[in-house]
Amino acid sequence: MKAENANRKKEIKYNEPWILQRADPYVYKHSDGVYYFTASVPAYDGIVLRRAKSLAGLSEAEETEIWHKHESGPMSVHIWAPELHYIDDAWYIYFAGGDKDDIWAIRPYVLQCKDADPLAGTWTELGKMQKAEGDEFSFEAFSLDATVFENNGEYYYIWAEKVGVGKQISNLYIARMETPWKLATVQVMLTTPDYDWERVGFWVNEGPAVIKRGGRIYVTYSASETGKAYCMGMLSADENSDLLDPRSWNKERFPILASDESKGIYGPGHNSFTIDDAGNDIMVYHARGEEEIEGDPLYNPNRHARLMRVFWDEKQRPVFTYR
């Protein structure tokens with residue numbers, strides 16, 4: 001009880017390292033007010049969960065590994081970007097994983113838990129996310145970073161998938177869901193790396209996250225390679241529009257968040273959204289504290305989870321700032 005009270009009183013410091021060495025952070029606030037946290041771990045070898053009665057309390061909460069990678073075959077390497085969702089009275093974790101025999105054969109997978117407690121309950125592997133009937137393309141190439149959101153009674157799945165030759169291009173796609181583990185519609189491309197800030201090192205759009213306000217849906221995403229150039233863009237659509245029509249979506253011309261040397265924040269990206277104990281909108285993201293990275297940025301563990309207060313302008317558009 002004392003620990004819980006201490007967690008409630010712990011002060012949140014925005015845009016500073018919050019949970020160390022946890023990239024691709026995802027926070028979910030359940031209907032009972034309990035917060036859950038998951039993220040990619042540096043070894044990329046399993047999926048962890050922690051929970052607390054306050055958002056601040058997650059930073060010191062005990063962490064439990066609820067699933068570990070396979071020894072071989074699919075889901076045996078590069079376990080990336082898990083997200084925890086609660087749909088139709090069951091828990092689901094969406095994540096990506098590769099194969100030891102082909103480490104870049106990254107595909108999206110689904111875990112399910114029907115128990116009330118996702119930390120102590122039994123998790124069942126539902127396999128690779130299933131594409132819709134007649135879809136010949138989805139999840140056949142490098143695919144990752146799936147997120148799920150509900151709108152007007154329907155669930156949608158947004159993910160990144162690479163196409164092309166050479167270094168390839170990572171685009172974002174959307175589809176309506178039939179079940180938590182299967183798509184109902186053929187993929188529709190939301191965005192491809194159009195601009196120079198999305199093409200540094202690699203041509204990348206990935207890591208989508210959804211927040212709603214004033215009748216609009218905002219999708220943030222990450223762009224470029226995972227070092228200093230990593231930054232965030234944004235799409236938006238009317239919540240009553242056809243979300244499977246690319247013309248319903250507007251894409252911002254410039255990044256909505258990027259590295260800031262004066263703040264010592266480098267490569268912000270792969271975020272999620274939650275609300276704090278007072279109901280304020282919060283962005284949970286990772287960033288580095290050093291400009292120069294030793295070795296391959298992908299395997300450097302110093303991407304730390306951070307919190308940012310989301311502000312809204314007079315047009316009810318989100319404003320992301322390090323203030």
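**Strands, partners and buried residues**

Me: Which residue in E16 stands opposite Thr220?

Reply: Thr220 faces Met234 in E16. Before we go on, keep in mind that this is a predicted model.

Me: What makes strand E15 and E16 a pair?

Reply: Two strands pair if at least two bridges are found between them. Strand E15 (residues 216–223) and E16 are joined by eight bridges, so they pass that test and count as a pair. The two strands run antiparallel.

Me: How do you know that E16 also pairs with strand E17?

Reply: The cut-off is at least two bridges, and E16 and strand E17 (residues 250–251) have two bridges, so they pair. Their sense is antiparallel, and Ser236 stands opposite Asn250 in E17.

Me: Why is E16 called largely enclosed?

Reply: Count its residues: strand E16 covers residues 231–238, and seven of these eight are buried, so the rest of the structure largely encloses it.

Me: Let's move to E7. How many of its residues are buried?

Reply: Nine of the twelve residues in strand E7 (residues 102–113) are buried, and the strand is described as mostly covered.

Me: What are the pairing details of E7 with strand E6 and strand E8?

Reply: Strand E6 (residues 90–99) and E7 pair in the antiparallel sense over eight bridges. Those two strands form a hairpin, with two residues between them. E7 is also joined to strand E8 (residues 124–128) by four bridges, again antiparallel.

Me: Why does Leu84 count as buried?

Reply: Leu84 has a relative accessibility of 1%. Buried means under 20%, so Leu84 belongs in that class. You can find Leu84 in strand E5 (residues 74–87).

Me: Which residues is Leu84 in contact with, leaving aside neighbours within four places in sequence?

Reply: Among them are Tyr26, Tyr28, Tyr36, Thr38, Leu49 and Trp123. Tyr28 is 56 residues from Leu84 in sequence, yet their C-alpha atoms are 6.8 Å apart in space.

Me: What makes Gly121 buried, though it sits in a loop?

Reply: The value for Gly121 is 18% relative accessibility, so it counts as buried, with the cut-off being under 20%. The loop in question lies between E7 and E8. Not counting residues up to four places away in sequence, Gly121 touches Cys113 and Asp115. Gly289, 168 residues away along the chain, has its C-alpha atom 36 Å from that of Gly121.

Me: How do you know that the protein chain is as compact as a globular protein of its length?

Reply: First, here is what the chain holds: one helix and 22 strands. The radius of gyration of the chain is 18 Å, close to the 20 Å that the globule rule gives for 323 residues, so it is as compact as a globular protein of that length. Along its principal axes, the C-alpha trace spans about 55 × 45 × 45 Å.

Me: What share of the 323 residues is buried?

Reply: Buried residues make up 55% of them.

Methods
Residues numbered from 1 in each chain as written. Predicted model: local features only at pLDDT ≥ 70, side-chain atom pairs only at ≥ 80, totals over all residues. Heavy atoms only, no water. Buried < 20%, exposed > 50% of the residue type's maximum accessible area, 1.4 Å probe, protein only. Rg over C-alpha atoms; globule rule 2.2 N^0.38 Å. Contact = heavy atoms within 4.5 Å.
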